[in-house]
Each structure stands twice: as C-alpha cells, then as structure tokens.
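Dear colleague,

I am passing on to you the structure we discussed, with its sequence. Please have it open while reading the notes below it.

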Amino acid sequence: MNDKIPLLVICGPTASGKTAVGAELAKRLDGEVVSADSMQIYKNMDIVTAVPSMEERLGVPHHLMNILDTDDAFSVADYVKLASQTIREVYSRGKLPIVVGGTGLYISSLVDNISFEEAASDNTVRSRLEAEAREKGGAYMLERLRSVDPDAAARLHENNVIRIVRALELFETTGRSFDENMRISREKESPYELCMIGLNYENRQDLYDRIDRRVTIMAENGMVEEAERVYRSGEMRTAAQAIGFKELIPYFEGQEDKESCLDKIRQSTRHYAKRQLTWFRRDARICWVNLTKNEQSDKILEKCLNIVAKSKIMCYNNK
C-alpha cells in the first residue's frame with residue numbers, strides 16, 4: 001500500500017486568482033486550505049497581504065494565516081515544519097490538503113521535503129551580516145550576494161534583507177550556493193503524491209491590469225490606514241518586507257504623496273509577479289492553466305478539476 005499523502009498545490013503569480021480557485025476546489029474536493037504566503041501568516045496586515053475574508057473562504061478551513069505578530073521572525077524552515085504538520089492533521093481528518101500561495105521557496109521546500117536539520121547556521125556570522133545590512137543597506141548586500149551566488153540574488157529583491165543575509169550566511173558557512181545547499185539537504189523521498197496547478201494569464205498585460213485594480217481596491221478598503229497602524233506601532237521587523245507596506249513609508253514620513261506611493265506598490269507588485277513566474281516555471285511538475293481576460297470562474301474551475309481528475313491524488317484512500 002502506498003502511504004503517501006495526496007497534496008494539491010495551487011500556485012502562480014500574485015493577483016492570478018489562486019485564493020478563489022483554492023477555496024472552490026476545497027469545497028468540491030472536501031479539502032482544507034494550507035496557505036503558502038510568507039506575509040499572510042502575520043496578524044494585523046489583512047488588507048496589505050490580501051488575506052481572504054470569511055466570505056471568500058466559502059466556509060472552508062484555512063490554515064497558517066494570522067498566526068504571528070508582525071515583529072516575529074519566521075524562516076522557510078519554520079514554514080516547512082509547520083505546514084508539514086498541518087497537512088498531516090488535515091489528512092488525518094479525511095480531508096484533502098490543498099496548499100495555496102505564491103511564495104515559491106516555501107512551496108518548493110515543502111513539496112521536495114527539504115530537510116533543514118543539517119542546514120548550516122552560525123549566529124556570529126548572521127549577526128555580523130545583519131549589522132552590515134543595517135549600515136550599508138539591502139542594495140549593497142544584494143550586490144555582495146550576486147558576486148558569490150548569482151542565482152539566489154536573481155530571485156531576491158534588495159528589500160528582502162532577511163533572505164539575502166541567510167543566503168550569504170549559508171555561503172560563508174558552507175562555501176556552497178543556496179541551491180546547492182538545498183540539493184544536498186534532500187535526504188528523504190517526498191511524503192506527498194502531488195498534483196500541482198499553476199494559474200497565469202496568457203496576456204501579461206491582463207495580469208498587470210488585475211494587479212493595478214487590486215491595489216486601487218485595497219487602498220479604498222483601508223490598506224494605507226492599516227499599514228500606518230503597523231508603522232506607528234514600531235513592530236515592523238517583518239512587515240517592512242511586505243509589498244504594500246514598505247512603499248508607503250515615505251508617505252508616513254511626509255516625504256512623498258500617497259498616490260505616488262500607491263503607484264510604487266503597483267510597480268513593485270508587477271515586478272514581484274515576474275519573479276514568481278520565473279521561479280515556478282522551473283518546476284516541470286506544474287500543470288499550467290492559462291487564463292484569458294474576463295474568463296468565467298466556472299470555466300477556470302472546470303480546467304483545474306480536469307487536471308486533478310487526471311492526477312493520482314484522488315486514487316489515494318485515507319486509511
């Protein structure tokens with residue numbers, strides 16, 4: 001008997017409609033959603049990070065959202081440990097675990113069963129690199145990373161100082177790139193029978209238009225006020241990394257007008273979507289659903305269900 005856990009993954013760039021599709025699939029397939037979003041895991045940032053409302057969740061349990069304070073550190077190793085435990089619990093209840101999100105590193109580390117037990121960690125090296133980052137800034141640190149690990153640097157933004165420092169720490173401690181460290185850390189076969197679905201738009205401009213509209217709606221729904229509350233609280237160690245937060249800081253400090261900052265959020269989100277697509281397209285296991293403008297939700301759902309039906313995950317019995 002094959003004892004692998006069936007796991008459905010819905011991934012893709014931001015604003016591609018993953019949240020709605022994940023909830024609808026969970027309803028149809030008797031599943032529960034496990035978030036794979038590195039920012040939705042934090043409290044008090046629901047609008048900035050597009051946490052789905054209770055209405056959008058369609059009565060489906062959603063896990064790993066709103067569980068950490070905005071000043072808490074949380075690594076990919078933490079995510080893999082917590083998500084793996086959550087998936088086992090969902091499956092033990094006779095439900096199908098459905099991972100939904102756009103944080104590529106979280107998803108690939110989870111489904112590939114990356115073991116972080118042997119990952120090198122040196123607090124002295126990390127503290128030195130963090131101090132250097134505070135003094136010289138993210139752009140300088142990213143350039144340093146590019147000189148020793150260009151592949152990791154290409155996937156990161158200069159504002160993502162936490163991951164830049166981690167990649168530099170890995171290199172200094174092991175002499176190996178981030179990808180090489182991840183490769184050798186795959187100690188065991190994955191415990192999952194996978195079905196991975198990626199959502200994207202055939203016309204890139206259609207995706208960008210969705211991003212622009214979403215930022216406008218988020219601003220109308222109180223995104224700026226929400227971000228300012230976090231900013232004024234001073235608890236922003238992690239929040240400062242979130243798109244939709246860091247771009248508003250000049251507005252909070254009286255250096256730029258609000259609309260200029262919102263335009264920067266739109267631009268940053270478009271750039272992030274491109275990086276997400278670059279990451280996910282490297283994974284040949286992902287079955288892509290290419291969407292068109294104004295495509296009806298029932299047609300999108302039908303495409304996804306057809307992919308699931310052809311996969312092996314529905315052949316697994318929870319016994």
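This is a predicted model: local features need pLDDT of at least 70, side-chain atom pairs count only at pLDDT 80 or more; totals for chains, interfaces and linings use all residues.

Six strands form an open sheet, in the order S3-S2-S4-S1-S5-S6, and their pairing is parallel. At the edges are S3 and strand S6 (286-291), each of which pairs on one side only. Within the sheet, S1 and S5 are joined in the parallel sense over 7 bridges. Pro6 stands opposite Glu193 in S5. As a general point, the strands of a sheet pair through backbone hydrogen bonds, either parallel or antiparallel.

**Helix H1**

Helix H1 (residues 18-29) consists of 12 residues and reaches 16 Å from its first C-alpha to its last, close to the 16 Å expected at 1.5 Å a residue. Its buried residues are Lys18, Val21, Gly22, Ala23, Leu25, Ala26 and Leu29. These pack against strands S1 (5-11), S2 (31-35), S3 (62-63), S4 (96-100) and S5 (192-201), as well as against helix H13 (297-310). Just after H1, Asp30 takes a positive phi of about 60°.

**The nonpolar cores**

The largest nonpolar core has 63 residues, of which Tyr79, Val99 and Ile107 touch the most other members. Helix H2 (residues 76-92) supplies the largest share of this core, 6 residues. Apart from it lies another core, of 28 residues, including Leu29, Val60, Ile211 and Leu301. Leaving aside residues up to four places away in sequence, Val99 touches Leu7, Leu8, Val9, Ile10, Val34, Ala36, Tyr79, Ile87, Ile107 and Leu110.

**Helix H5**

In helix H5 (residues 138-148), the buried residues are Gly138, Met141, Leu142 and Leu145. They lie on the same side of H5, because they cover an arc of only 100° around the axis. In general, an α-helix has 3.6 residues a turn, so residues three or four places apart point the same way. The packing partners of the buried residues of H5 are helix H4 (123-136), helix H6 (150-154) and helix H7 (161-174).

**Arg266**

A polar contact of 3.0 Å joins its side chain to that of Thr216. Not counting residues up to four places away in sequence, Arg266 touches Ile211, Asp212, Val215, Thr216 and Glu259.

With kind regards

Note on methods
Residues are numbered from 1 along each chain as its sequence is written. Side-chain values use heavy atoms; hydrogens and water are left out. A nonpolar core is a set of buried Ala, Val, Leu, Ile, Met, Phe, Trp, Tyr and Cys residues joined through side-chain atoms within 4.5 Å. Buried means under 20% relative accessible area, exposed over 50%, partly exposed in between (1.4 Å probe, protein chains only). Helices (H or I, at least four residues) and strands (E, at least two) are DSSP runs, numbered from the N terminus. Contact means heavy atoms within 4.5 Å. The arc is that of the directions from the helix axis to the C-beta atoms. A polar contact is a pair of N or O atoms within 3.5 Å; within protein, one must be able to donate a hydrogen and the other to accept it, and residues adjacent in sequence count only if both atoms are side-chain atoms. The expected span of a helix is 1.5 Å times one less than its number of residues. Two strands pair if DSSP finds at least two bridges between them.
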